[in-house]
Amino acid sequence: MLRRLHSLPGLIAGLIVAFMAVSGVVLSLQPVLDHATSAQAGSMSVAALAQTVSDALPGVTRIAHAASGAITAYYDAGAGEVAASIDPATGKVLGAATPSPVFAFFTELHRSLFLDMNGRLASGLGALAIVVLAASGLFLLANRLGGWRKLFTTAKGTLSQRLHVELARLAVVGLLVSGFTGLVMSLNSFGLLPGTDAPLVAFPTSVDGGTPAPVAALTALQGLSLTELREINFPYAGDASDVFTVITASGQGYIDQATGAWLSFVPNGLGQTIYETIYMLHTGQGLWWFGALLGLASLSVPVLAATGTLIWWLRRRNQPRLVGTVAARQADTVILVGSEGNSTWGFAATLQAALTAAGHKVHAAPMNGLATSYPAARQILVLTATYGDGTAPASAKAFLSRLAQFAPLPGQRFAVLGFGDRSFAHFCRFAEDTDQALRLKGLEPLLAYDSIDRQSAQSFAQWGNGLGAALGHELALAHVPVLPATRELTLLERTDFGTEVQAPTAVLRFALPTDKASLLDRLLGRGQALRFEPGDLVGIVPPGDSVPRYYSLASSSRDDVLEICVRKVAGGVCSEFLHGLEPGQAVSAFIKRNPDFRPQSGKAPVILIGAGAGIGPLAGFVQANRRHQPYYLYFGGRDPASDFLYAPLLRAALVDHRLAGLATAFSRVVGGRYVQDRVREDAEGIRKLVANGAQIMVCGGQQMAQGVRESIEFCLAPLGESVSSLRAKGRYLEDVY
Amino acid sequence: MLKKITAVLLLATAFSAPGLAYAKDATLAIQMTGYQGPPAYLAVYLTKPDGSYDSTLWVAGGKSKYYRHLRGWIRGVSNSNERLDSITGASVGSGRSMEVGISIADALIDAGYSIHVDTAVEHGAENVDDVVLPLTQAISGTVVAGNGYISAMAVTF
C-alpha cells in the first residue's frame with residue numbers, strides 16, 4: 001500500500017514535479033543574486049530617503065522596498081510610470097530599474113506554465129505530489145531499513161536504488177518544506193485560504209487639506225525605520241485631499257501630507273503574517289540562504305524521478321508470469337508466496353513448473369490470498385522472504401491474521417522455506433514465525449523448516465531434492481534467477497595450493513574481454529558488463545548446467561584480469577570443472593555486483609578475517625590499498641608449507657604498508673588452531689582497533705564465520721559493542737558460502 | 001467581433017420594454033498591450049460630475065491585497081461598502097483581450113459622469129486613469145486607446 005502510494009504519484013507526476021523542481025532551482029538563484037548585488041540599508045530614515053528621492057525625481061509616485069533590500073522608485077515621466085533603482089544607504093538614484101526578464105519568465109513558468117488557471121492547478125497538484133512522495137518515501141525507507149532509528153544506515157541495492165535513497169535522505173526535509181509551502185501558496189491563489197490577504201483599508205475621510213509639508217518633515221515617516229518599510233505611495237501632486245499610503249512589515253496605513261501624522265493604521269492579521277512567512281520560506285525572498293538550500297534540495301528531484309521510474313520498471317520487468325496455475329479447490333499442492341521485491345516469486349515459478357511437470361495440480365498465490373480451506377490439497381508449501389526487521393513482506397502482511405480463519409484438513413502437510421540475507425540481524429524471522437504458526441495450527445510438517453541465503457540457487461536445488469524425496473518422486477529445481485548475459489573468459493594461468501593437506505585450492509586468473517559497460521547498464525543494475533571490484537561476485541555457469549555458481553573476486557577490472565580462488569569440493573560440479581581447467585580454455589561467466597561488501601574508505605582501520613579460499617577478496621582489498629589505510633589480516637589455513645595462499649603478495653604488502661599487520665593460524669601443524677582462535681588471542685588489539693573505528697570483514701565458510709562471530713563477541717564484550725551493533729553501522733560485513 | 005456583439009446586444013435590448021429598464025446592459029471590451037510580467041489587475045469605475053467616486057463597474061483580479069495598487073479606484077471604493085463579488089473576474093494577461101457584460105444606470109448617461117480604468121501589474125507600473133472617457137451616448141462603440149497597459153477599449157450600450 002505504502003509502496004503504491006509512493007510509486008503511483010511518482011510515475012504520474014514525475015515529469016511535472018521534475019519540471020517544477022528545475023524551474024524552482026533557477027528561481028532560487030534570484031534572492032541569492034539580489035543579496036549579492038544590492039547594497040544594504042544604512043542609518044537613513046524613511047523621511048530623509050523619501051525626500052532625497054522626491055528631490056531627484058519630482059514626479060515620484062511610490063517607493064518600494066523589496067525583501068532583498070533593493071529599493072525601487074516609480075515616477076511619472078509623462079508617458080506612463082518608469083522605475084529607478086535607489087541606493088538604500090544614500091537615497092541617490094542609481095539608474096533605471098529593469099526587472100530581469102529571465103526570472104520573470106521562470107516565475108510565470110513555475111507557477112502557471114503560462115497556462116493561466118489550468119497551469120496553476122497543475123503546479124498546485126505538483127506541489128501536492130511532492131508532499132505525498134516525500135512523506136510516503138520517508139515511511140517506505142524507515143520500513144525498509146527496519147525502523148525510524150535506522151533511517152540513516154547504509155543503503156543497499158543497485159546503483160539506481162542507492163542513488164535514490166541517498167539523495168532522498170539528503171533532500172527530503174527541503175522537499176517537504178518546498179512542497180508544503182508551495183501547496184499553501186497554490187491554495188491561496190485559488191482563494192481557498194481566507195484571512196491571508198491584507199484587508200482593504202478605508203481611505204481616510206478626515207484629511208487636514210492644508211499646505212503639504214516637505215517629505216523630510218513628516219513626523220510619521222521620521223519615526224519609521226527603513227527595515228520596517230515595504231512601500232510608500234505619494235499623494236497626487238496638487239491634490240490636497242490625497243494622502244501618503246504606507247505599507248510596513250506589520251501593517252498598512254495613511255499619513256496626512258500636511259500634518260505628517262498617521263491618519264489610520266491597520267495591523268496585519270495573524271493569517272496574513274503566517275502566509276507571509278510561508279511565502280518567504282518558499283521563495284527565499286528575504287531569506288536568501290534558505291532559498292538556496294531549498295534550491296539545492298530541488299536539484300535532486302529530476303534524478304529522483306528518473307531513478308524512481310527505473311526502480312519501478314525493473315521491479316515490474318522482474319515480475320514473474322505464472323502459467324498453468326490450478327484453481328485453489330482442485331489443487332493437490334498449494335504454493336503460498338511472501339515477497340517484497342518479487343525475487344521470491346521467481347523461485348515459486350520454478351517450483352510450480354517442476355511440480356506441474358511431475359504431475360501435480362499446483363495452485364500458487366500470495367500469502368495474503370490464503371483461503372479458509374484447500375479441500376483437495378495434500379501439501380501446502382510456503383516460500384517467503386522477510387522484510388526489514390523481521391516483519392512480513394508486502395504480499396504476506398495479512399497472512400497471520402487470515403490464518404486464524406484457516407481450517408486445515410487431516411493429513412494436510414506443510415513446508416516453509418525462508419529467503420533472506422544472513423547479514424541482516426533478523427535473517428528469515430518471518431519465515432520462522434510462519435513455520436511456528438502453521439505448526440501451532442495443527443498441520444503436519446512435510447519437511448523441516450529451511451532457509452535460502454541470498455537467493456542461492458544451489459541451496460534451492462538441495463531443498464528441492466528433499467521435497468522430491470518427501471513426495472516420493474524426483475524433483476529437480478533448476479532455478480535461473482533472470483540470468484544476465486554471460487561472456488566467455490579465457491584462463492590465463494593457475495596456481496595450485498593445498499593438495500598435500502587435502503584442501504586443493506586454485507588461484508585462477510582469466511583474461512578480460514575488451515569492451516566496457518555503459519552508465520545505463522549500471523543504473524539498471526545489469527551485471528553483464530565486466531566492471532568489478534574485489535569483493536564482487538563472478539557467476540560461472542558450468543557446461544551442461546543452467547544454475548550459476550558464485551565466486552568472490554580477488555581482483556579489480558582495472559587490473560585487467562579476473563582472479564578467483566576456488567577450493568575443490570568433492571562432488572561440486574562447478575569447482576571440479578574449474579579445477580580441471582587448463583590455460584587457454586574458456587568459461588561462461590557474468591559479474592554480480594556486491595557493493596555492500598567493501599572496506600570503508602578513510603583513515604579508520606579495517607580488520608580482514610578469512611580462511612582457505614575465503615582469502616581471495618581480502619587479498620584483493622590488500623592489493624588495491626594504495627592509500628595505505630591500516631589493514632589487518634587474519635588468515636587461517638591448514639599448513640604453511642602447502643596452502644598459505646597469496647603468501648608472496650602479503651609479505652610484499654607488509655613491506656610497502658598496504659598491510660599494517662598479518663596474523664596467521666594453521667590447523668594441521670603442531671599446536672594447530674583455527675583463525676577464530678587467533679582472533680580471540682588478539683582480543684586486546686581487536687578491541688583497540690574497533691574503539692578506533694575499525695570495520696571487520698569476514699570471508700569464508702559457514703562454520704568459520706560462526707566461530708569468528710563468537711570470537712569477536714568475546715573481544716567486544718568489554719566495549720559494550722557487539723557483532724549486531726557493528727553490523728547496523730556497516731562495520732561488520734560477511735561474505736559467507 | 002465588437003460589431004457582432006453589438007448586434008446581438010441591440011437585438012436583446014430591443015425586446016426588453018423601454019421605460020421599465022432603469023439600467024442598460026453594456027459590453028466592456030479591452031485589449032491589453034504586450035508587456036513583461038504576470039496578468040494585470042484592472043478596475044473599471046464611474047466618477048460623478050464633481051470628479052468624486054461613484055461606483056464600480058468591473059474589477060479584473062480577485063486578490064484584494066493587490067487592490068491598493070489601483071490607486072484612483074481604491075480611494076473611492078474603500079469607503080463605499082460596495083459588494084464586488086458579482087462584478088469581479090480574472091486578471092488579464094499580456095496581449096490578451098477581455099469582454100464582459102456590465103450594467104450602467106440609464107440616468108447616468110449624458111449626465112456628466114466619466115468612466116475610469118486603473119491598471120497595475122506585479123513588480124510593474126501602476127496606472128491611475130489608464131483610460132478616462134465621458135459617459136455619453138456618443139462614446140458607445142467607439143474604440144479608445146489607453147496610456148498604460150491598455151492598448152484599446154470600447155464600451156457599447
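This report walks through the folds of two chains and the place where they touch.

The model is predicted, so local features need pLDDT of at least 70 and side-chain atom pairs count only at pLDDT 80 or more, while totals for chains, interfaces and linings use all residues. Residues are numbered from 1 along each chain as its sequence is written, with chains lettered from A and ligands numbered from 1 in the order in which they are written.

**Chain A at a glance**

Chain A has 20 helices and 25 strands. Here helices (H or I, at least four residues) and strands (E, at least two) are DSSP runs, numbered from the N terminus. Of the 737 residues in chain A, 40% are buried. A residue counts as buried if 20 or more other C-beta atoms lie within 10 Å of its own, as exposed if 12 or fewer do, and as partly exposed in between, with C-beta atoms placed from the backbone. Take the contacts in chain A between residues at least 6 apart in sequence: 72% of them join residues at least 24 apart. Two residues are in contact if their C-beta atoms, placed from the backbone, lie within 7 Å.

Chain A holds an open sheet of eight strands in the order 4-3-2-1-5-6-7-8, with antiparallel pairing. Strands pair if DSSP finds at least two bridges between them. Strand 4 (93–96) and strand 8 (262–267) of chain A sit at the edges with a single partner strand each, so one side of each has no neighbour in the sheet. On average, neighbouring strands of this sheet are turned by 20° against each other, direction ignored. Angles run from 0 to 180 degrees between N-to-C directions, and axes are lines fitted to C-alpha atoms, for helices over the stretch in contact.

Within that sheet, strand 6 (residues 244–248) and strand 7 (residues 251–255) of chain A run antiparallel and are joined by four bridges. A:Ile247 has A:Gln252 in strand 7 of chain A as its bridge partner. Helix 2 of chain A packs on the sheet, touching strand 1, strand 2, strand 3, strand 4 and strand 5 of chain A, and its direction makes about 135° with that of strand 1 of chain A.

Which residues of helix 2 (residues 46–56) of chain A are buried? They are A:Val46, A:Ala47, A:Leu49, A:Ala50, A:Thr52 and A:Val53. Their cover includes strand 1 (60–65), strand 2 (71–76), strand 3 (81–86), helix 6 (219–222) and strand 5 (229–233) of chain A.

| Helix pair (chain A) | Axes come within | Crossing angle |
|---|---|---|
| Helix 5 (residues 159–189) and helix 7 (residues 270–283) | 9 Å | roughly 130° |
| Helix 18 (residues 683–691) and helix 19 (residues 702–716) | 9 Å | roughly 75° |

In the contact of helix 18 with helix 19 of chain A, A:Ala683, A:Ile686, A:Arg687 and A:Val690 meet A:Phe714, A:Cys715 and A:Leu716. These residues divide into six nonpolar, no polar and one charged. Ala, Val, Leu, Ile, Met, Phe, Trp, Tyr, Cys and Pro count as nonpolar, Asp, Glu, Lys and Arg as charged, and the others, Gly among them, as polar.

For helix 5 of chain A, the residues that meet helix 7 of chain A include A:Val177, A:Thr181 and A:Met185, and among those they meet are A:Tyr275 and A:Ile278.

**Chain B and its sheet**

Over in chain B, four strands form an open antiparallel sheet in the order 5-1-9-8. Strand 5 and strand 8 (144–145) of chain B are the edge strands, each pairing on one side only. Strand 1 (residues 23–32) of chain B pairs with strand 5 (residues 97–105) of chain B over nine bridges in the antiparallel sense, and B:Ala26 has B:Ile102 as its bridge partner there. Strand 1 of chain B also pairs antiparallel with strand 9 (residues 150–156) of chain B, over six bridges. In that strand 9, B:Thr156 stands opposite B:Thr27. Two bridges join strand 8 of chain B to strand 9 of chain B, with B:Ala145 partnered by B:Ala152.

**Where the chains touch**

How many residues of chain B are in contact with chain A? There are 20, and they contact 17 residues of chain A. Helix 2 of chain B gives the most to this side of chain B, with three residues. The side divides into four nonpolar, ten polar and six charged residues.
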